[in-house]
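Subject: Structure for you to look at

Hello,

Please find the structure below. My notes on it come after.

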Amino acid sequence: MKNLFRLIYRYHVVLLFVLLETLSLSMVVTYNNYQRSAFFDSSNFFTGTLFEKFSSFFQIFEFKQVNIKMAEENAVLRAALQEHLLKTSPGTYHASDSIYLPRIAKDSSIRAVYRFTTARVINNSINQQHNFITLNKGRRDGVKPNMGVIANGQVVGLVINVSENFSTVISMLNSRWKISAKIKRNDYFGSLSWDGKDYRRVQLNEIPYHVPVQNGDTIVTTGYSSSFPEGLTIGTISDFSIGSGSNFYKIEVMLAADFKNLVIVGLVENKQLNEIKQLESINGN
Amino acid sequence: MVINLLKYSLIFVVSVLLQVLIFNNILIARMISPFFYILFIILLPFNTPRALLLFLAFTLGLSIDIFTNTPGVHASACLLTGFVRPGVLQLISSRESLESVTAPRVENMGFQWFIGYATFLVLIHHFFLFFIEAFTFEGFPVTLLRVILSSVLSVILIVLSQFIIFRK
């Protein structure tokens, strides 16, 4: 027994190293985006407050950019309003609030199902394999997990963790996240994921050969995930090739949203999400 | 003793804050990102007990992990760096020089020695970090290029910091 203790004492550094290394590597491996402890999350009080203080200091420099973006969005909205007024019969004004977010909510059924709010980005990264975004709104502001995050009507990510005042978003630039997407022109759908190489490009998989594909085709959401309405812009096809020995295209999609420059984002809530999930879980069993 | 404790706690906090608030936002040419924070492991005194060194390195990595939502990734890389540090020191310096001074600083050990020492540790840390993060050896040359270019930037920042903020 004495010898055993002596042995342990002699190799205590190596043992400690192996123990801690096993612990941290098992954290890497077992780590799951959807069931994480709040401690390891930048939405916790301490890190959230720190990021918020720091980003509000730099916010002064962002105002000009935000203004320009909002002016652009205004212009788009105004154009859509004109178009809408022209379409409705002359003399009547039942345009109501379909002018609100017209690029997303074109018909009233979508308006009834989805609720939109905004939040400010207080932390964001693009230089890792698994990127996350932290927002300055949390449970108190009605943010819930599985809400979609958009910027200028383009897909950015999905809310995964919510604390009292903050929330974390899994960015589209995270190789652990997949979303279904389709080619707008012909409605063929596949799954979209990121290979971790270029922050401006994601990859669309599972589009079979017989489908006509062109550079410049627009890729939009399908609405299957229930977190996003159908038809939100994701990006355009910048390159495609036929993988050897596979029946599917390898399609590179140039992202429409500028992930390096996110300031204000929109949050989309599907009011029927729980009902859909419940119904779908019956099929799963 | 108390002064040392305060000094190294300050270096710890400052390196973590600089990393998560500033250096984590840097991405050059879509592949180079510096990991400046291991400065803390580099600067610890020569006579730090090895077990304590491991604990401190692990804590440092875990602090970064909490901010970047990557549990275990930085912790494991820092732990390895802390584990090999005594070996690296023995490899690149004589026993007498290690016993005559207290901490690995530019003014103690010379400019060239410090660059060599920092480069050694940064390369080990970055190599492990980037491959754990990618979790694949697919695209090995690209990841290796990221390791080397990012290491160059990290070493430059670490050496510069010795002349600007961490002079004492």
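The model is predicted: local features need pLDDT of at least 70, side-chain atom pairs count only at pLDDT 80 or more, and totals for chains, interfaces and linings use all residues. Residues are numbered from 1 along each chain as its sequence is written, while chains are lettered from A and ligands numbered from 1 in the order in which they are written.

Chain A has five helices and 12 strands; helices (H or I, at least four residues) and strands (E, at least two) are DSSP runs, numbered from the N terminus. Of its 285 residues, 31% are buried. A residue is buried if 20 or more other C-beta atoms lie within 10 Å of its own, exposed if 12 or fewer, and partly exposed in between, with C-beta atoms placed from the backbone.

The contact between the chains takes 27 residues from chain A and 25 residues from chain B. Two residues are in contact if their C-beta atoms, placed from the backbone, lie within 7 Å. On the chain B side, α3 (50-68), α4 (73-92) and α7 (111-134) each supply at least two residues, and α3(B) gives the most, with eight.

One helix pair belongs to this contact: the axes of α2 (residues 12-30) of chain A and α4(B) come within 8 Å and cross at roughly 160°. Axes are lines fitted to C-alpha atoms, for helices over the stretch in contact, and angles run from 0 to 180 degrees between N-to-C directions. The crossing angle makes α2(A) roughly antiparallel to α4(B) (angles over 145 degrees count as such). Residues making the contact include Phe17(A), Leu20(A) and Leu25(A) of α2(A), and Leu79(B) and Phe83(B) of α4(B).

Elsewhere in chain B, the buried residues of α8(B) pack against α2 (39-43) and α7 of chain B. Among these buried residues are Arg146(B), Val147(B) and Ile158(B).

Finally, two loop residues in chain A. Asn146(A), in the loop between β2 (130-135) and β3 (148-151), has phi near 75°, a positive value in a residue other than glycine. Asn146(A) is partly exposed, with 17 other C-beta atoms within 10 Å. Asp187(A) lies in the loop between β6 (179-183) and β7 (189-193), and its phi, near 65°, is positive too. With 10 C-beta neighbours inside 10 Å, Asp187(A) counts as exposed.

Regards

Note on methods:
Parallel < 35°, antiparallel > 145°, perpendicular 65-115°, else oblique.
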